[in-house]
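Welcome! Please take a look at the sequence and the structure below before reading on.

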Amino acid sequence: MPVYIASVAVLLGALATTALGHGYVTDYVADGVEEQGFLLDYYYARKNGQSFPQIAAWYAENLDSGFVAPDASQTDDIICHKNAEPGELTTTVSAGGTVKFQWGPKEWPHPYGPIIDYLAACDGDCSTVDKTKLKWVKIQAKGVDYDTQLWASGELVANGNTWTTTIPKSIAPGNYVLRHEIIALHGGGSLNGAQSYPQCFNIEITGSGTAKPEGTLGTELYKNTDPGIHFNPYVTVTDYPMPGPELFSG
């Protein structure tokens, strides 16, 4: 792609940040059981003293269905989104089982960027956990298919705004927070132009696994200058540097 065309594409991608809507996980299916995501309606219900469902999805104040900017990646907001608080319930998932996330409320508008999933052990009840002490283990990550140039987020769009994550079979049973994240790169050619959309859920993993890998604090996962975050997707990609720590291979 000629340099001037790539530059225009980066600019248009950055401008699209303000022109397009964003999203969040509206619901998910854990081992075949459908569960409710945290909806923005629940935020307004809480602020107005009204009731809303107890769920395993975490509370967050992404009021515009928006994102966490790269220059906030050393703040608590990157952990589970803005002003996030633990869900009150826990969803059961077997080691080796799957969680299928449904993004909404509209079609996901950003087909450029990776999708990454993490686990963090709560060492107790996840509903009262201190998010700043959670240590995250990357269990799944997908960037771009070098043959087709289709990004993970583009694959999500093609699959009806859904993404399926598999819990490693070797993970020890216990209470965990599952962190599911899209990093949108349509503006990533500019510093702080990328957009992180972290979503968190309390889960209890069942099974006979024994692995208890050491994780990374949420505020240490990324920097705004990381090459996989400050990244121009409007070129032929041959080597994408996946953001975050090493992938757990157990």
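The sulfur atoms of C122 and C126 are 2.0 Å apart; a disulfide here is a pair of cysteine sulfur atoms within 2.5 Å. C122 and C126 are both buried, where buried stands for under 20% relative accessible area, exposed for over 50%, and partly exposed for what lies in between (1.4 Å probe, protein chains only).

The model is a predicted one, in which local features need pLDDT of at least 70 and side-chain atom pairs count only at pLDDT 80 or more, while totals for chains, interfaces and linings use all residues. Residues are numbered from 1 along each chain as its sequence is written, and side-chain values use heavy atoms, with hydrogens and water left out.

## The other disulfide

A disulfide is a covalent bond between the sulfur atoms of two cysteines. The count in this model comes to two disulfides. C80 and C200 form a disulfide as well, with 2.0 Å between their sulfur atoms. The link of C80 and C200 is left-handed, with -80° about the S-S bond. C80 sits in helix α3 (residues 77-80) and C200 in strand β9 (residues 195-206), so this pair ties together parts that lie 120 residues apart in sequence. Helices (H or I, at least four residues) and strands (E, at least two) are DSSP runs, numbered from the N terminus.

Are C80 and C200 buried or exposed? C80 is buried, at a relative accessible area of 2%, and C200 is buried too, at 4% relative accessibility. If you count the bonded cysteines along the chain, the disulfides follow the pattern 1-4, 2-3.

## A sheet of six strands

Strand β9 also belongs to an open sheet of six strands, in the order β3-β9-β8-β5-β6-β10, with mixed pairing. Strands β3 (91-94) and β10 are at the edges with a single partner strand each, so one side of each has no neighbour in the sheet. Two strands pair if DSSP finds at least two bridges between them.

Strand β8 (residues 174-184) pairs with β9 in the antiparallel sense over eleven bridges, and I183 stands opposite S196 in β9. Strands β5 (residues 115-121) and β6 (residues 135-142) are antiparallel partners over five bridges. Between β6 and strand β10 (residues 216-217) there are two bridges, again antiparallel, and here K135 stands opposite L217 in β10.

## A sheet of four strands

Four strands make up another open sheet, with the order β2-β1-β4-β7 and antiparallel pairing. Its edge strands are β2 (33-36) and β7 (162-166), each of which pairs on one side only. Neighbouring strands of this sheet are turned by 25° against each other on average, direction ignored; the axes behind such angles are lines fitted to C-alpha atoms, for helices over the stretch in contact, and angles run from 0 to 180 degrees between N-to-C directions.

Strand β4 (residues 98-104) runs antiparallel to β7, joined by five bridges. The bridge partner of T98 in β7 is T166.

Now find Q140, a residue of strand β6. It is D117 that stands opposite Q140. Q140 is buried, with a relative accessible area of 19%. What does Q140 touch? Leaving out residues up to four places away in sequence, Q140 touches I115, I116, D117, W163, T164, T165, T166 and L247, where contact means heavy atoms within 4.5 Å. A polar atom of the Q140 side chain lies 3.3 Å from the backbone nitrogen of T166.

## Aromatic rings

How many aromatic pairs does the structure hold? There are 15. Rings of Phe, Tyr and Trp (its six-membered ring) pair if their centres lie within 6.5 Å; planes under 30 degrees apart count as stacked, over 60 as edge-to-face and the rest as tilted. Y43 and Y44 form an edge-to-face pair, 4.9 Å centre to centre with 80° between the planes.

Y43 is buried at 12% relative accessibility, whereas Y44 is partly exposed at 41%. Both belong to one aromatic cluster formed by F38, Y42, Y43, Y44, F52 and Y59.

Terms used. A polar contact is a pair of N or O atoms within 3.5 Å; within protein, one must be able to donate a hydrogen and the other to accept it, and residues adjacent in sequence count only if both atoms are side-chain atoms.
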